[in-house]
Amino acid sequence: MEQIPIGRPSHDNVVPLRTPQPEVVTEIPVGAETPTETTEAPPPEVARPEPAAAEPEDDEEELSWEEVVARDAAAEAPGEPDDGPAPNAELTLMLEQIAQVGLGLTVGVVDAVAGSLRRTAGQEPGPDDPRNEPIEVLTGAALGAAATLAELMAKAIGAATEAVEPVASVAANPPLLGGLSRGAGSALRFLDGTWKAKEAGARSSAESFMRDLVPSVTTNALDQIDLNALIRERVDINAIAAEIDLDALIARVDINAIVDRLDMDRLVERLPIEAVLARVDLNAVADQLDVNRVAERLDLEAVVARIDLASLAQEVIDEIDLPEIIRDSSGAMASETVREVRILGIEADRFVAKVVDRILHRKRARDTSVPGLGEND
Amino acid sequence: MAAQTQARPHVRSMLPPAADEAQGRRAGVVTRTVVMVVDAAAVAATVGILYLVWAVVRFMRHPVDFVWPTVTYGTVVVAAGVTCVLYLTVTWSTTGRTVGKRLFGLRVIGRDGEPLHLIRAFLRAGACTFFPFLLYWAAVSSQNRSVQDLVLRTSVIYDWRSGGRAARVGAPARAEADPSGDDALGPGVDVAPAVTDEADDRHPEPLPRLDGE
C-alpha cells in the first residue's frame with residue numbers, strides 16, 4: 001500500500017516537540033516530572049501554582065478564601081526573594097506545549113484528511129508531484145503562523161492572567177459571583193439549546209467524516225508498522241493454536257467437497273503401488289481368507305456356462321492319443337500278468353530253498369546277495 | 001533273511017515287497033528252470049525255423065524235385081546244441097538276458113555286475129547247453145549258485161528292470177522298457193527310481209512312465 005507522507009511539509013514545525021529550556025525545567029516545582037513527560041496531557045494541577053510545601057495542610061484548611069487570596073498576593077509581591085519561576089511563566093510554558101501538541105495532532109489529521117480528500121477526488125499524486133508544492137507551501141506557512149500565534153497567545157494569556165489575577169480574586173467574592181452566575185447561566189442555557197438544535201447534524205457530519213478518516217488513519221498507521229514482526233514478537237501463536245478447537249474446525253470442513261475436487265487418477269498415478277504391495281504380507285492376507293465362503297459365493301454355473309465345453313473337449317481329444325492309451329492299457333494288463341508270474345517264481349524259489357535248507361538242516365539263511373552289487377558298492 | 005533285510009535300500013518302489021526285496025539277488029532254482037525251458041523252447045523254435053528256411057531254400061533251388069530235407073537225430077542235436085550255444089553266448093555277452101530271462105526278470109552277470117565277457121559267456125553257454133542239470137546245484141547251494149556259476153564266477157539275479165546293467169541289491173525295478181518293445185514287461189512295469197548312477201544314455205527314449213513323468 002502506498003504510504004502517505006504524513007505531515008511532510010510541516011515536520012519541522014511539529015516533530016520534534018520543542019523541549020523546555022533547561023533553566024525553566026529546573027524551576028518547575030513538580031519535582032518528579034521530567035520535561036518529556038510534559039508532552040503528555042498535563043493535569044490541571046500543574047498549571048496552578050503549588051502552595052508552599054513547607055506549610056502544613058491543616059493550616060490551609062483553617063484559612064478563609066480571603067486569607068488565601070491575600071496570602072497569594074503577598075507571596076507574589078515584587079521585591080520578595082523567589083527561587084522558582086513565576087507561576088505565569090509556567091502556565092505560559094504549559095500552554096505552549098498544549099498548543100504544539102494540538103498543532104502536531106492537527107497537522108497529522110489534516111494531512112490524513114488531505115490524502116483522503118485527494119483519493120475521494122480521484123487524485124493519486126506521487127510524492128514528488130509538482131502540483132502539491134503550492135498547497136504544501138501554503139499549508140506549511142499556515143501551520144507556521146499557527147505555531148507562532150499559539151506562542152504569542154500563550155504568552156498573552158500568561159500576561160493577562162498575571163494582570164487579571166488580583167482583580168479576579170476580588171471579584172470572586174460570593175455576592176459578585178451570584179449575579180454573574182445567574183447571567184452566565186442564562187447564556188449557557190441559550191448556547192446549549194443552540195447546540196442541541198445542531199447536534200444531530202454535527203454528529204452526522206462528524207460520523208461521515210470519521211468513516212473516511214479512520215480507515216485512512218488506520219491504513220497509514222499500519223503502513224508504518226511491520227505487523228508480522230509485531231505479531232511474532234508480541235503474540236504467543238502457540239498458545240493461541242493450543243486453544244483452537246481443531247475438531248470443531250474440521251467438523252465445519254466439507255471433506256466430500258474437497259474429495260470431489262481431487263483428481264484421483266493423478267493421485268493414484270503418484271502412489272507407489274509396487275512399494276505398497278511389497279510391504280503387504282499377502283500370505284497373511286490369504287490365511288485370513290475363508291476360501292469356503294469365497295467358493296460359496298462363486299457362481300460356478302455361470303462360469304461353466306461361459307466355457308465352450310464342446311470346443312474344449314475337442315481340443316482335449318485332439319491332444320490325447322487314444323489309440324496309444326488303449327495299447328498302453330493292454331500292455332499294462334499283459335505286464336500285470338507277467339508280474340504275477342514273476343512273483344510266483346520268486347516265491348517258489350524261496351519255498352524250494354526253504355525246503356532244501358530244512359532237509360539239509362541248514363539254519364542260516366541263504367546269502368543271495370551279489371558282492372559286486374551291494375547297495376554301498 | 002536278516003542279510004536281505006539289511007540290504008534293503010530306502011528307495012521308493014512301486015513293486016510288491018516280495019519282488020522289491022529280491023531285486024539284485026541271486027535267483028532260485030524254480031525260476032531258472034522255467035527260464036531254461038523257455039529258452040529251450042526258443043532254441044527249438046529257432047532250429048525249426050532254420051529247418052524251414054533250409055527247406056525254402058531247397059525248394060527255390062530245385063522246385064520240381066522238391067522233397068523235405070531229411071535230418072537225422074544227430075543232426076538235430078548238433079544243430080540245436082550249436083544254436084543254443086550261439087544264442088546264449090550272444091545274449092549273455094550283450095544284455096545278459098535271454099528270452100526266458102527277460103520274461104521272468106532274470107539277468108546273468110559277472111563279478112563286477114556287468115554282462116559277461118564273450119569268452120566267459122561262451123564257456124557258460126557250452127556248460128549250460130551240455131550239462132544243464134548242473135543248474136540244480138543252485139537248489140543246494142547256500143548262495144543259489146549253480147556249478148557253472150561257481151566255476152565261471154557268474155550269477156543269475158532277479159532284475160526286473162530293463163537295460164544292460166544289473167540292478168543293485170534290493171534296488172527297485174524301473175520301467176525302462178526298450179524302445180524296440182521287446183521287453184516282455186512293456187510299459188506296465190512298476191515305476192521307481194533306479195540307482196542314481198544308472199546310465200540313462202542306454203535308453204535315449206524311455207517309454208512314458210505310469211506316473212505321467
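This is a predicted model: local features need pLDDT of at least 70, side-chain atom pairs count only at pLDDT 80 or more; totals for chains, interfaces and linings use all residues.
Me: What are the chains built from, in helices and strands?
Reply: Chain A has 19 helices and zero strands. Chain B has eight helices and two strands, and its order along the sequence is α-α-α-α-α-β-α-α-α-β.

Me: How do you know that β1(B) and β2(B) pair?
Reply: Count the bridges. Two strands pair if there are at least two bridges between them, and these strands have four, running in the antiparallel sense. That meets the cut-off, so they are called paired. The strands cover residues 106-109 and 155-158 of chain B. Within the pair, B:Arg107 stands opposite B:Ile157.

Me: Which way do the residues of β1(B) point?
Reply: They split into two groups. B:Leu106 and B:Val108 point one way, while B:Arg107 and B:Ile109 point the other way. All of them are buried.

Me: What makes a group of residues a nonpolar core, and which members of the largest one touch the most others?
Reply: The members have to be buried nonpolar residues of the listed kinds, joined through side-chain atoms within 4.5 Å. The largest core here holds 24 residues, and the ones touching the most other members are A:Ile346, B:Leu88, B:Trp92, B:Leu106, B:Tyr158 and B:Trp160. Among the elements giving two or more residues to this core are α19 of chain A and both β1 and β2 of chain B. The largest share, five residues, comes from α4(B). As a general point, nonpolar side chains in soluble globular proteins tend to be buried together.

Me: Which residues is A:Ile346 in contact with, leaving aside its neighbours within four places in sequence?
Reply: They are B:Ala18, B:Ala19, B:Ala22, B:Thr31, B:Tyr158 and B:Trp160.

Me: Why is A:Asp357 called buried?
Reply: Its relative accessibility is 9%. The cut-off is under 20%, so A:Asp357 counts as buried. This residue lies in helix α19 of chain A. Leaving aside neighbours within four places in sequence, A:Asp357 is in contact with A:Arg362 and A:Arg366.

Me: What makes the pair A:Asp357 and A:Arg366 a polar contact?
Reply: The side chains are joined at 3.1 Å. The limit for such an N or O pair is within 3.5 Å, so this one qualifies.

Me: How do you know that B:Cys84 is in no disulfide?
Reply: A search of the whole structure finds zero disulfides. For B:Cys84, the nearest cysteine sulfur is that of B:Cys128, 8.3 Å away. A disulfide needs the two sulfur atoms within 2.5 Å, so B:Cys84 is in none. B:Cys128 is in no disulfide either, and its nearest cysteine sulfur is that of B:Cys84.

Me: What makes the phi of A:His361 worth a look?
Reply: Most residues other than glycine have a negative phi. A:His361 is not a glycine, yet its phi is positive, near 55°. Its place is in the segment after α19 of chain A. With 70% relative accessibility against a cut-off of over 50%, A:His361 counts as exposed.

Me: What does the side chain of A:Asp254 reach?
Reply: It reaches the backbone nitrogen of A:Asn256 at 3.3 Å. A:Asp254 sits in the loop between α11 and α12 of chain A. At 46% relative accessible area, A:Asp254 is partly exposed.

Key
Residues are numbered from 1 along each chain as its sequence is written. Chains are lettered from A and ligands numbered from 1 in the order in which they are written. Side-chain values use heavy atoms; hydrogens and water are left out. Buried means under 20% relative accessible area, exposed over 50%, partly exposed in between (1.4 Å probe, protein chains only). Contact means heavy atoms within 4.5 Å. A polar contact is a pair of N or O atoms within 3.5 Å; within protein, one must be able to donate a hydrogen and the other to accept it, and residues adjacent in sequence count only if both atoms are side-chain atoms.
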